[in-house]
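Dear colleague,

Please find the structure below, handed over for your records.

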Amino acid sequence: QVQLVESGGGLVQPGGSLRLSCAASGFTFRRYAMSWYRQAPGKERELVAAITSSGGGTNYADSVKGRFTISRDNAKNTVYLQMNSLQPEDTAVYYCKAVFEGSISLIYWGQGTQVTVSS
């Protein structure tokens, strides 16, 4: 069955770094655009970063530009989010999302991983 499993979250001090991973299975990963979203307590889920199926295109929320980098390895069916210069406002549950780049609507979500930035 379809699975998106995030990992790499945890507690980090302000200014620190984390690398999130999202391992995909059960679907043709290379045909899906991938993205990372986050949801902080009491707030709506928001897009953090996205990458096309080939990896040739990316986009970022203004709040993370220059600090976060999204990448993917289609051979490993995995998408990554490198997060640097983390700040307390980056604290949230981070989710990965897969969207089929075809004519039908297929969307999958992971279960999320907690990132806490605190001293």
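**The disulfide**

The link between cysteine 22 and cysteine 96 is right-handed, with 40 degrees about the S-S bond. It joins distant parts of the chain, since cysteine 22 lies in strand β3 and cysteine 96 in strand β9 (residues 92-100), 74 residues apart. The sulfur atoms of cysteine 22 and cysteine 96 are 1.9 Å apart, and a disulfide is here a pair of cysteine sulfur atoms within 2.5 Å. The structure holds 1 disulfide. Cysteine 22 counts as buried because its relative accessibility is 0%, and cysteine 96 counts as buried at 0% as well; buried means under 20% relative accessible area, exposed over 50%, and partly exposed in between (1.4 Å probe, protein chains only).

This is a predicted model, in which local features need pLDDT of at least 70 and side-chain atom pairs count only at pLDDT 80 or more, while totals for chains, interfaces and linings use all residues. Residues are numbered from 1 along each chain as its sequence is written, and side-chain values use heavy atoms, with hydrogens and water left out.

**The sheet**

An open, antiparallel sheet is formed by 4 strands in the order β1-β3-β8-β7. Its edge strands, each pairing on one side only, are β1 (3-7) and β7 (68-73). Strands are DSSP runs (E, at least two residues), numbered from the N terminus, and two of them pair if DSSP finds at least two bridges between them. β1 pairs with β3 (residues 18-25) over 5 bridges in the antiparallel sense. Glutamate 6 has cysteine 22 of β3 as its bridge partner.

Yours sincerely
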